Amino acid sequence: MHKGPPTIGGVFNPLAYLAARWTPSPRIVQRAALAALTMTVVIVVTGGAVRLTGSGLGCDTWPKCTDDSLITTQAQGIHGAIEFGNRMLTYVVSAAVGWCILAARCAKPWRRSLTRLGWAQFWIVGANAVLGGITVHTKLNPWSVAGHFLLATALITVTTLTWQRAREGDGAARPRVPGPVRKLSWALLATAVVLIAAGTVVTGSGPHAGDSSEVPRMPFDWETTAHVHAVAAWAVCALAVAMWLVLRVVDAPDDTRARARDLILVLLAQGAIGYVQFFTDLPAVLVGAHMLGSCLVWIAVLRVALSLRERPLEQPGIPAQSDPQLAAL
């Protein structure tokens, strides 16, 4: 007897249809999750390039580039090309997120939690695209710009979590270190959030407004906010060093201690860039490097926290037939 295509409430379900015909290997699922994370960092950096080149209003409106054109025109020059190029990169991020959703949905066994994380990425990308449009319509209002960056950070959070979950099971989380160490990680996470939020205030009150026209800035003294940001950075550094030392004392697993070491190295590099840009009047190249560093610091903080627990595999995944290396296991 012929069985029709899978449906939900009588409506054709393309994801279930594809899942019945394609089984990605665990490695493909992990690569899809990593691709989403990588593209998220890339679009944050290119978004910074838009602001640092004064191309924030290179496209006059949103979702079209001008009132009469969906794409950039020759009259808009290089600024229009840069801004429109960054908008087009949103579709690449969306494609990476879509691949992550498909891979998670089609994997065997189906992990509903992983699929939900993929859809969470989708909704954050959509929300940030809308907020980006609001930012253009409000002529680069610094509060909107700050929200745009914080939503991007939320996307980095979810993509990092998805990448981690793609490499572990859905069993109940089991601690790998004593309770006080996990509490220290929560303090590290909270302080890192303060650091990132303070960074958006430094940006919003600083000179790089994103456009050559007169763009209002946040009503804060830039040097004062920069010092507050520096204090938060030192607090994160102190907590990171404390975490590294404590993990050695409790004889934590090697990979956990490696994550703490990586965090300290990233923080040292980010701190060096931050102080150099402060004393050299914020050159655009260093500000862009600092934005990349902000992403890497947050990812490193998350990886430390996630390495403090483990989720065992409840049952092994079914490898794809096209992956002989996994099928041989």
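Q: Which helix holds Tyr-17?
A: Tyr-17 lies in helix α1, residues 14–19; helices here are DSSP runs (H or I, at least four residues), numbered from the N terminus. This is a predicted model, in which local features need pLDDT of at least 70, side-chain atom pairs count only at pLDDT 80 or more, and totals for chains, interfaces and linings use all residues. Residues are numbered from 1 along each chain as its sequence is written, and side-chain values use heavy atoms, without hydrogens or water.

Q: Why does Tyr-17 count as partly exposed?
A: Because its relative accessibility is 34%; partly exposed lies between buried, under 20% relative accessible area, and exposed, over 50% (1.4 Å probe, protein chains only).

Q: New topic: at what angle do α6 and α9 cross?
A: The axes of α6 (residues 179–205) and α9 (residues 284–306) cross at roughly 165° and come within 10 Å. Therefore α6 is roughly antiparallel to α9, a term for angles over 145 degrees. Axes are lines fitted to C-alpha atoms over the stretch in contact, with angles from 0 to 180 degrees between N-to-C directions.

Q: Which residues meet there?
A: Among them are Leu-188, Leu-189 and Ile-196 in α6, and Trp-298 and Val-301 in α9; contact means heavy atoms within 4.5 Å.

Q: And what is Leu-263 in contact with?
A: Beyond its neighbours within four places in sequence, Leu-263 touches Leu-188, Ala-240, Val-297, Ala-300, Val-301 and Val-304.

Definitions and conventions: Helices (H or I, at least four residues) and strands (E, at least two) are DSSP runs, numbered from the N terminus. Angles under 35 degrees count as roughly parallel, over 145 as roughly antiparallel, 65 to 115 as roughly perpendicular and the rest as oblique.
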